[in-house]
Amino acid sequence: MERIVLEGGRRLNGRVKVSGSKNASLPIMAACLLVDGPCDIENVPRVKDLQTMCQMLRLLGATAEYQGQILHIDPAKFSDQIAPYELVKTMRASIYVLAPLLARFGNARVALPGGCAIGLRPIDQHLKGLKCMGAEVVMEHGYIHAHAPHGLQGAEIYLDVVSVGATVNIMLAAALAKGKTIVEHAACEPEIIHLAGFLNALGAKVQGAGTSRIVIEGVTHLSPVPHRIIPDRIEAGTLAIAAAITRGDIIIDDFPMEDLTALERKFVEAGIVIEPVDRNSVRVYRKDENLASVDIVTQPFPGFPTDLQAQWMALMCFAPGRAVITETIWENRFMHVAELKRMGADIQIEGNSAMVKGGRVLSGAPVMASDLRASAALILAGLMAEGETRVSRIYHLDRGYEHLEQKLAALGAKIRREPDPGI
Ligand code: EPZ
């Protein structure tokens with residue numbers, strides 16, 4: 001195993017480019033299984049979760065190979081109908097292959113994803129949607145067995161909770177279903193709009209993505225097109241917070257400003273400037289020496305993203321005053337709190353809120369990453385802590401950030417990756 005070792009106290013300076021989005025790539029890779037030919041997908045970041053998705057596509061018979069910067073996916077030999085537990089347990093978004101399997105073969109066996117560090121993560125809404133479309137679903141031996149003997153039919157589906165994953169699975173199922181599907185209370189995340197754009201470019205008929213009502217008119221086939229993945233809004237936000245924490249002044253290229261409005265507004269409240277320098281780049285720096293304490297509540301898009309909650313908490317540790325951070329999406333997403341406290345942070349958890357009394361000097365310490373975004377938060381805190389911070393279990397970081405430590409090092413951080421002798 002490896003760990004990240006960093007020495008705090010360096011202001012970040014320079015220019016950095018955001019990688020392609022992990023969470024936008026996953027649905028696009030699954031959608032490739034629906035296409036009548038190979039697709040070339042550009043800007044897919046080289047992160048572990050996407051390697052796992054490539055492995056899943058290959059297990060199902062498809063080709064998924066990087067050719068330079070392009071991921072080439074060919075579903076010509078897509079034939080296997082079982083998504084095994086061994087892969088699903090390592091990456092829950094494997095559930096995205098459920099809809100393509102049903103759409104192509106009328107039959108699927110996909111391991112039921114369990115919970116994960118951040119919450120129970122049920123998939124009842126995915127299954128509700130597919131059942132409305134005519135699928136028969138049985139749970140057996142830890143697997144979802146789904147059949148649609150007469151093919152999938154368009155349906156009117158109301159989601160009881162706003163779910164990105166359920167919206168994705170239903171869109172994938174509906175693209176080739178017979179008739180019209182209407183999804184009410186759909187997720188509005190940029191990754192959903194991006195998926196709709198890809199499906200429409202392939203010949204699907206999807207309208208309303210980005211609103212809570214998505215209408216999909218099924219078509220009989222989808223034709224291949226090349227595609228480019230959007231920049232990763234969570235990585236972009238993480239880099240911007242890194243600049244703010246270190247009193248740095250950086251330019252971030254490929255910054256998806258429209259996808260980060262909530263963060264931008266909170267930056268203004270905290271006294272952080274984020275200004276466009278050209279169409280896709282922004283400059284980030286602090287307006288004043290001190291940060292203001294700013295509360296956040298995580299919400300589905302366009303609310304403040306849960307995937308930036310831990311990073312915001314790291315930032316608030318350096319803001320004199322009290323910030324209340326409320327997590328409404330995941331029931332167990334405060335595991336970074338205990339680790340930040342090991343660095344000297346003053347944080348109390350009450351229910352689904354964390355009160356951060358900021359402005360104390362944090363001291364570097366050995367800490368342990370518990371999930372993807374928690375790893376990023378600990379690195380961010382370490383950037384401004386006194387002395388050395390060692391973040392272990394860094395495999396969590398590698399699931400979704402492409403070379404984060406290299407990017408921070410290029411901006412002037414004293415940070416390196418090394419083998420972890422402790423584990
Ligand atoms: C996606 O997860 C992201 N993952 C998550 O990012 C992100 O935190 C989350 O959306 C929320 O924005 C990917 O895109 C691969 P949901 P997803 O279904 O789709 C409940 C990261 O760090 N729910 O929108 O699994 C659920 O319990 C990851 O990159 C049901 O009750 O999230 C949660 O409270 C972590 N039933 C809420 O909905 C269901 O059937 C939102 O979950 C589905 C979800």
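Buried residues are those under 20% relative accessible area, whereas exposed ones are over 50% and partly exposed ones in between, as computed with a 1.4 Å probe on protein chains only. By this definition Gln125, His126, Leu127, Gly129 and Leu130 are buried in helix H5 (residues 124-132), where helices (H or I, at least four residues) and strands (E, at least two) are DSSP runs numbered from the N terminus. This is a predicted model, in which local features need pLDDT of at least 70 and side-chain atom pairs count only at pLDDT 80 or more, while totals for chains, interfaces and linings use all residues. Residues are numbered from 1 along each chain as its sequence is written, and side-chain values use heavy atoms, with hydrogens and water left out.

**Domains**

- The chain is divided into domain 1 (2-19 + 231-419) and domain 2 (22-228), with bounds that come from an automatic or database domain assignment.
- The C-alpha centres of domain 1 and domain 2 lie 31 Å apart, and the contact takes 23 residues from domain 1 and 20 residues from domain 2, contact meaning heavy atoms within 4.5 Å.

**Helices H4 and H5**

- The buried residues of H5 pack against helix H4 (98-105), strand S8 (136-140), strand S9 (143-147), strand S10 (156-158) and H6.
- H5 is followed by Gly134, which has a positive phi, near 105°.
- In H4 the residues Leu98, Ala99, Pro100, Leu101 and Leu102 are buried, and their cover includes H1, strand S7 (107-111), H5, S9 and H6.
- After H4 comes Gly106, whose phi is also positive, near 70°.

**Nonpolar cores**

- The largest nonpolar core has 79 residues, of which Ile41, Val97, Val110, Met133, Met171 and Leu199 touch the most other members; such a core is a set of buried Ala, Val, Leu, Ile, Met, Phe, Trp, Tyr and Cys residues joined through side-chain atoms within 4.5 Å.
- The largest share of this core, eight residues, is supplied by helix H6 (residues 164-175).
- Apart from this core lies another, of 74 residues, with Val16, Ala270, Ile274 and Met343 among them.
- Leaving aside residues up to four places away in sequence, Met171 touches Ile192, Leu195, Ala196, Leu199, Val206, Ile214 and Ile216.

- Gln309 has its place in helix H10 (residues 309-316) and is buried, with a relative accessible area of 0%.
- Not counting residues up to four places away in sequence, Gln309 touches Ile296, Thr298, Phe304, Ile325, Glu327, Arg333, Phe334 and His336.
- Met313 is found in helix H10, and Met313 too is buried, with a relative accessible area of 0%.
- With residues up to four places away in sequence not counted, the contacts of Met313 are Ile325, Phe334, His336, Val337, Leu340, Ile347, Ala354 and Val356.
- Met313 and Leu340 are 27 residues apart along the chain, and their C-alpha atoms are separated by 9.1 Å.

**Second largest pocket**

- On a 1 Å grid over the protein atoms alone, a pocket is an open set of points with protein on both sides within 12 Å along at least five of seven lines, a cavity is a set where a 1.4 Å probe fits but cannot get out, and lining residues have an atom within 4 Å of a point.
- The second largest pocket has a volume of about 280 Å³, a volume being the space filled by probe spheres set on grid points that are joined across faces, edges and corners.
- Its lining has 17 residues, of which Pro231, Pro256, Met257, Glu258 and Asp259 lie nearest the centre of the pocket.
- Helix H7 (190-202), strand S16 (272-278) and strand S17 (281-286) each supply at least two residues of this lining, and H7 gives the most, with three residues.
- By class the lining of this pocket has nine nonpolar, three polar and five charged residues, where Ala, Val, Leu, Ile, Met, Phe, Trp, Tyr, Cys and Pro count as nonpolar, Asp, Glu, Lys and Arg as charged, and the others, Gly among them, as polar.
- Domain 1 and domain 2 each provide at least three residues of the lining of this pocket.

**Cavities**

- The lining of the largest cavity divides into one nonpolar, two polar and six charged residues.
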